[in-house]
Amino acid sequence: MEFTPALQPARLIGRYKRFLADVVTPQGETLTLHCPNTGAMTGCATPGDTVWYSTSSVATRKYPHTWELTQTREGALICVNTLRANAVVKEALQAQRLPAFAGYESLKSEVKYGAERSRIDFMLQASDKVNCYIEVKSVTLSEPDSGYFPDAVTARGQKHLRELMSVVENGDRAVLLFAVLHSAITQVAPARHIDERYADLLSEAQRKGVEVLAWKASLSASEITLTSPLPVRL
């Protein structure tokens with residue numbers, strides 16, 4: 001997934017009201033960015049870090065600039081725009097770069113399903129295969145080189161695990177795909193220290209046949225691309 005035009009750098013002053021952040025550009029201009037991330041953003045929003053932002057051409061937007069990446073003082077790159085996780089996964093699926101999903105003929109997004117009235121991120125279909133339901137989760141919490149999900153208690157994430165288990169019970173294929181959007185992360189684990197219930201449900205889901213995968217992205221100011229699988233430690 002390419003950023004066109006390429007992202008621009010600035011220094012983070014601080015994030016506030018969850019959806020806003022103030023930065024200073026190299027030219028000394030103070031800008032307010034839209035922050036498309038409702039999570040805790042632990043380790044991703046330290047004042048003084050470099051942020052990389054995009055600029056919308058839509059003239060009516062109150063905040064035309066969007067916070068996309070953080071570059072920590074240690075040099076790690078982190079994608080904080082949670083909307084990008086689905087975009088890079090969809091691109092990889094369409095290009096057939098993820099071997100676990102080879103052979104499917106069609107891809108649908110945001111399909112309604114489940115007893116709890118959810119929407120699956122992606123559903124793959126083929127004439128000779130059962131339907132494959134894929135739930136994508138963005139991983140940006142690093143402590144120190146392991147990635148953890150979630151970064152806050154997530155009732156929504158717990159619901160998705162229950163829904164995925166029901167998919168398997170109904171005879172279809174269910175996959176939880178962690179999109180690792182932090183350059184320093186080398187493995188993924190459930191954040192039991194943050195959401196014990198989610199960690200328990202994830203272990204239960206795997207036992208019941210839900211596949212749990214993790215793929216790491218290569219990050220830069222010009223593009224994000226899923227490049228390599230990572231181990232998941234439950």
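Predicted model: local features only at pLDDT ≥ 70, side-chain atom pairs only at ≥ 80, totals over all residues.
Which residues of helix 1 are the buried ones? They are Ala-85, Val-88, Val-89, Ala-92 and Leu-93. If you look down the axis of helix 1, those buried residues fall within an arc of 140°, so they line one face of the helix. On the other side of helix 1, Leu-83 and Gln-94 are exposed.

Now the dimensions of helix 1. It covers residues 83-94, which is 12 residues. From first C-alpha to last, helix 1 reaches 17 Å, close to the 16 Å expected at 1.5 Å a residue. Just after helix 1 comes Gln-96, with a positive phi of about 55°.

On to helix 3, residues 196-207. Why does its length agree with expectation? At 1.5 Å a residue, its 12 residues should span 16 Å, and the end C-alpha atoms of helix 3 are 17 Å apart, which agrees.

The buried set in helix 3 is Tyr-198, Ala-199, Leu-201, Leu-202, Ser-203 and Ala-205. What do these buried residues pack against? The partners are strand 11 (146-149), helix 2 (155-169), strand 12, strand 13 (187-190) and strand 14 (211-219).

Last, the residue to look at past helix 3 is Gly-209, whose phi is positive, near 110°.

Definitions and conventions. Residues numbered from 1 in each chain as written. Heavy atoms only, no water. Helix = DSSP H or I, 4+ residues; strand = E, 2+ residues; numbered from the N terminus. Expected span 1.5 Å × (residues − 1). Buried < 20%, exposed > 50% of the residue type's maximum accessible area, 1.4 Å probe, protein only. Arc of directions from axis to C-beta. Contact = heavy atoms within 4.5 Å.
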